[in-house]
Amino acid sequence: MSAKSNQNQAPGAVLNDNQWNAITQAIAGLNRDQLTWVSGYAAGLAAGQSGGVAPVAGVQDNGGSATLTILVGSQTGNAKGLAQQFQAQAEQAGYTSKLVSMSDYKPRQIKNETHVVIFVSTHGEGDAPDDAVELHEFLASKKAPKLAGLKYAVLGLGDSSYEFFCQTGKDFDERLTKLGAKPIVERQDCDVDYDDVAATWTTRVVDALKEDFASSGSQPSVAVQTGSTVVSGGATYSKKAPYAATLLTSQKITGRDSIKDIRHIEISLEESGITYQPGDALGVWFKNTPALVNELVELVGLTGSEQVKLADGEYSLSEALGSKLELTLSYPTFVKAYQAATGSDALAGLLAEPAQLRTYLAERQIIDIVKEHPASISAQALVDALRPLTPRLYSIASSQAEVEDEVHLTVAHVDYEAFGQRHQGGASSYLCERLEEGEEIEVYIEKNDNFRLPESADTPVIMVGPGTGIAPFRAFMQERDAQGAEGKNWLFFGNPHFTQDFLYQVEWQGYVKSGLLDNITLAFSRDQKEKVYVQHRLLENGKGIFDWLESGAHFYVCGDATHMAKDVEAALLSIIQEHGGKSEDDAKAYLVAMRKAKRYQKDVY
């Protein structure tokens with residue numbers, strides 16, 4: 001018998017076959033850091049059972065004692081990663097805790113909790129992530145109980161360039177307070193560069209819990225690193241330690257007369273050992289356009305050679321602006337800091353009118369603000385006003401079952417004229433125009449367990465992905481093709497014009513011909529007098545969609561969060577109501593049940 005075969009047998013003296021199978025299934029797919037955390041956690045439990053660690057306060061069985069529940073609402077996994085790290089800190093301090101996704105949490109259970117720590121992100125126009133919707137709505141409803149005996153803490157994740165920054169975290173904080181709960185520490189709102197702020201806050205929470213969770217021992221644990229990928233040799237690539245991959249191809253896949261410039265990007269991961277699953281995203285680090293950097297330096301009367309200090313070291317001003325600081329997105333914190341440094345009366349007036357400021361920022365990049373409000377500023381004051389550059393996440397458009405050691409993306413090149421000059425997106429222009437084939441690009445995998453194919457290859461799926469939202473569904477079909485999946489597949493795709501914008505047309509036609517893709521329904525909005533979008537096609541096919549849902553189909557949406565995803569959800573509710581013979585409330589409950597069963601999943605941005 002081979003060594004590999006021996007590894008699959010249960011060590012009979014310790015575990016029976018059922019226990020061994022349960023363990024191997026539970027740890028399948030965990031990366032190196034996660035396995036380390038699990039082994040440390042298990043060791044702590046074993047020590048407690050053998051008398052090595054005394055039982056700690058917070059165990060649910062000790063009637064009336066404090067319990068620590070960590071609740072996570074996370075769309076892409078960032079909030080989940082912070083929650084896992086916090087749990088490791090709490091366990092290390094000796095507090096027994098449970099970490100629960102809000103999608104698996106019964107809202108009425110909140111009345112039985114003594115201590116709750118919430119990690120939650122915000123999306124779109126202040127929307128809660130999918131897994132947080134039910135609890136979020138429950139706490140705002142008349143059914144929410146009084147919570148005078150609850151202590152809580154909230155950490156929100158968001159992006160200050162959006163109007164409703166960290167709104168979901170603010171909502172939880174406000175609603176819990178209104179119900180009588182008491183904060184352990186004040187709420188923390190985290191921007192895109194959140195690592196240091198979050199680490200400081202979680203340490204404060206752990207310290208603040210000491211009085212309620214007196215413990216005579218601690219359990220060993222290791223913080224889990226999210227968004228990481230195991231590679232050969234034991235190294236790990238992540239946001240902070242990306243892999244230097246190679247650009248293979250950047251090919252335009254829209255027509256010459258298209259109003260969109262969409263590229264198919266292929267990147268080599270050869271020899272990295274990186275693995276990913278359909279539904280995951282690729283994090284891409286990029287550099288700002290040199291011309292943009294030079295123009296900004298000249299506008300503020302500097303040379304670019306000035307030395308400046310950032311959190312990770314000292315750089316020339318041009319180096320810092322080129323690869324360390326955010327220039328193509330604008331955000332209120334820049335306006336506030338730039339105004340303070342320059343004394344601009346016009347910007348002071350804008351800051352006094354938040355709604356007006358948001359409208360102003362939505363149309364402008366950093367360079368536009370500086371051009372409209374020119375002033376001398378020191379190099380250090382300029383970099384202090386700017387926020388750190390953060391990588392962009394792109395839904396992966398390939399399955400490794402098909403492309404092996406490559407990863408594919410579908411990228412819209414942001415390229416437009418405004419205020420008399422050309423503007424481009426930072427990452428999209430880097431990928432589509434500035435990076436040459438054969439050059440290196442720093443990347444990492446951002447796992448997304450909230451956007452996964454069904455476990456059974458026999459389960460039908462409905463995919464709604466207009467524009468670049470088609471990306472993960474290309475990966476889905478490659479994966480199902482490799483699996484020989486028997487489950488039915490239905491794709492809804494939309495874009496402006498059939499002749500110019502039918503992305504991956506030949507591939508979809510091939511899947512139809514082979515029988516893998518049972519239905520493809522198209523919505524080319526500008527090919528007729530009346531604009532037609534994917535939500536209209538959904539309504540037209542309502543009975544068929546509801547029949548698929550009743551047979552267990554999973555429903556996926558990828559693309560624009562602000563309009564498309566909301567319109568698709570409204571159409572879906574209408575379909576459930578009409579073809580299921582349900583009331584509005586029953587249709588909403590049907591959709592909630594789908595979401596909880598992970599049959600309704602969204603990857604929106």
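Student: At what angle do helix H5 and helix H6 pack, and how far apart are their axes?
Tutor: Keep in mind that this is a predicted model. H5 (residues 133-140) and H6 (residues 167-178) pack at about 35°, and their axes are 9 Å apart. The crossing of H5 and H6 is left-handed.

Student: Which residues make that contact?
Tutor: From H5 you have Leu135, His136, Glu137, Leu139 and Ala140. H6 brings Thr168, Asp171, Phe172, Arg175 and Leu176. By type, the contact of H5 with H6 has five nonpolar, two polar and three charged residues.

Student: What about H17 and H19, at what angle do they pack?
Tutor: H17 (residues 471-483) and H19 (residues 505-514) pack at about 35°, with axes 12 Å apart. That crossing is left-handed. Phe473, Arg474, Met477, Gln478 and Asp481 of H17 meet Glu507, Trp508 and Tyr511 of H19. The contact of H17 with H19 divides into four nonpolar, one polar and three charged residues.

Student: Switching to cores. Which residues touch the most other members in the largest nonpolar core?
Tutor: Those are Leu317, Leu321, Phe334, Leu382 and Leu386, out of 32 residues in that core. Several helices supply at least two residues each, including H8 (290-299), H10 (332-342) and H14 (379-385).

Student: And what is Phe334 in contact with, leaving aside its neighbours within four places in sequence?
Tutor: With those set aside, Phe334 contacts Ile366, Ile369, Val370, Leu382, Ala385 and Leu386. There's also a second, separate core of 27 residues, and Ile462, Trp490, Ala571 and Leu591 are among them.

Student: Ile462 and Trp490, where do they stand relative to each other?
Tutor: Ile462 stands opposite Trp490, which is in S20. Strand S19 (residues 461-464) and S20 (residues 489-495) run parallel and are joined by four bridges.

Student: What's the strand order in the open sheet of five strands?
Tutor: The order is S21-S20-S19-S22-S23, with parallel pairing. S21 (519-524) and S23 (600-604) are the edge strands, each pairing on one side only. From one strand to the next, the twist averages 10°.

Student: Which strands does helix H21 touch on that sheet?
Tutor: H21 (residues 542-550) touches S19, S20, S21 and S22 (554-559), and its direction makes about 140° with that of S20.

Student: Different spot now: strand S10. Why would you call it largely enclosed?
Tutor: Because seven of the seven residues of S10 (residues 262-268) are buried, the strand is largely enclosed by the rest of the structure. Ile262, His264, Glu266 and Ser268 point one way, while Arg263, Ile265 and Ile267 point the other way.

Student: How many bridges join S10 to S9, and how many to S15?
Tutor: Six bridges join S9 (residues 243-252) to S10, running antiparallel. Leu247 has Ile267 of S10 as its bridge partner. Seven bridges join S10 to S15 (residues 406-412), also running antiparallel, and there Ile262 has Ala412 as its partner.

Student: Last one, Ser103. Buried or exposed?
Tutor: Ser103 has 10% relative accessibility, so it counts as buried, the cut-off being under 20%. Ser103 is in the loop between S2 (97-101) and S3 (115-121).

Student: What does Ser103 contact beyond its neighbours within four places in sequence?
Tutor: Asp131, Lys596 and Lys598. The C-alpha atoms of Ser103 and Ala132 are separated by 6.3 Å, though the two are 29 residues apart along the chain.

Key: Residues are numbered from 1 along each chain as its sequence is written. This is a predicted model: local features need pLDDT of at least 70, side-chain atom pairs count only at pLDDT 80 or more; totals for chains, interfaces and linings use all residues. Side-chain values use heavy atoms; hydrogens and water are left out. Axes are lines fitted to C-alpha atoms, for helices over the stretch in contact, and angles run from 0 to 180 degrees between N-to-C directions. A crossing is left-handed if the near helix is turned anticlockwise from the far one by less than a right angle, and right-handed if clockwise. Contact means heavy atoms within 4.5 Å. Ala, Val, Leu, Ile, Met, Phe, Trp, Tyr, Cys and Pro count as nonpolar, Asp, Glu, Lys and Arg as charged, and the others, Gly among them, as polar. A nonpolar core is a set of buried Ala, Val, Leu, Ile, Met, Phe, Trp, Tyr and Cys residues joined through side-chain atoms within 4.5 Å. Buried means under 20% relative accessible area, exposed over 50%, partly exposed in between (1.4 Å probe, protein chains only). Two strands pair if DSSP finds at least two bridges between them.
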